[in-house]
Structure formats: structure tokens, C-alpha cells
Amino acid sequence: MSHSPLRVGIAIVVHDGRYLVGVRPEGKSLAGYSEFPGGKCEPGESSDICAIRECFEETGLIVIADELLLEHRHRYPHGELDLGFWRCRVAEGYSTEAQNGFRWVPLDEVLTLKFPEANAPVLKLLHPAEAQG
């Protein structure tokens, strides 16, 4: 019995050196963990378009996906995910005021937060010590 991985688009939104981060709500898997905006891709939807759509649905922010940071497959006990992490920015002329508990967090704080395991590779990529050398 094989299931294809669930495709997910995730927006790593950066504004003025800060990252947009929320907390997974009660009733969702991994509730209480920190999260970047994102979610399941619709059939035929690319991960960048998904990240933009999900970011708007979750935070009210209109963003532009600038760069694919990482594609990563991760297996949880409840299923396998194909994740596309996109570096995004708020579209020019639009509000940077996020909704639904999302907030702007400096990178040093982001790196201390508890994220789901599938985020580890992108967090390592964002880590300033990893970027040097």
C-alpha cells in the first residue's frame, strides 16, 4: 500500500531582517510547534504558488516568492511530505501587519524556537554560522 507524498509549499517570508513565524493551533498535528506559513498544494499547483496562496490565507499578507531555498522530502509516522521552502518578501505597497498570531521574529530568535522536524534542513540553511565558511 503506497501513498504518494503530500506536496507542501512553505513561505519563508523575510522583511527588514525578520522572519514571519506563527504557532500551530490546537487540533492540528504538531500543535504548539512554531511554523512558517504554508500548506498542502492543490492538484496541479506548484509549490511557489501554494506558498503564496497559503501565506495569504493564513496571515493576510500578499507576498512574492523570490527563490526556492530547498526542496526536501520528510517522513512522519502519519505520512510523507514533499516540501518546497520559498524565500518570499511582502509585495511592495502592501501591509506587513500579519494576522492569526503570526509575528515578525529576528533570526537569532527563530533559531531558538521549536519547529516540526521537517523544518530542520531549512533552519540549518538559515543559520548564520552555516552560511559562513
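Guide: Two strands count as paired if DSSP finds at least two bridges between them. In this predicted model, β5 and β6 pair in the antiparallel sense over 12 bridges. Within that pairing, I64 stands opposite R89 in β6.

Visitor: Through how many residues does a hairpin join β5 to β6?

Guide: The hairpin joins them through 2 residues. β6 is also joined to β1 by 8 bridges, and these two strands run parallel. There, A11 has W86 of β6 as its bridge partner.

Visitor: How do the side chains of a strand relate to the faces of its sheet?

Guide: In a regular strand they alternate between the two faces.

Visitor: Which residues of the largest nonpolar core touch the most other members?

Guide: They are I12, F36, F85, V110 and L126, in a core of 20 residues. The elements giving two or more residues to this core are β1 (6–15), β2 (18–23), β5 (63–76), β6 (79–90), α2 (107–110) and α3 (120–126). Another core, of 13 residues, lies apart from it and includes C55, V63, C88 and A98.

Visitor: What does F36 touch beyond four places away in sequence?

Guide: Its contacts include I10, I12, L20, F102, V110, F115 and L126.

Visitor: How is an aromatic pair classified, and how many are there here?

Guide: Planes under 30 degrees apart count as stacked. The count comes to 1 aromatic pair. F36 and F115 are stacked, at 4.8 Å centre to centre with 25° between the planes. F36 lies in the loop between β3 (34–35) and β4 (38–40), and F115 in the loop between α2 and α3, 79 residues apart.

Visitor: Are F36 and F115 buried or exposed?

Guide: Both F36 and F115 are buried.

Definitions and conventions. Residues numbered from 1 in each chain as written. Predicted model: local features only at pLDDT ≥ 70, side-chain atom pairs only at ≥ 80, totals over all residues. Heavy atoms only, no water. Core = buried A, V, L, I, M, F, W, Y, C linked by side-chain atoms within 4.5 Å. Buried < 20%, exposed > 50% of the residue type's maximum accessible area, 1.4 Å probe, protein only. Helix = DSSP H or I, 4+ residues; strand = E, 2+ residues; numbered from the N terminus. Contact = heavy atoms within 4.5 Å. Phe/Tyr/Trp six-rings, centres within 6.5 Å; stacked < 30°, edge-to-face > 60°.
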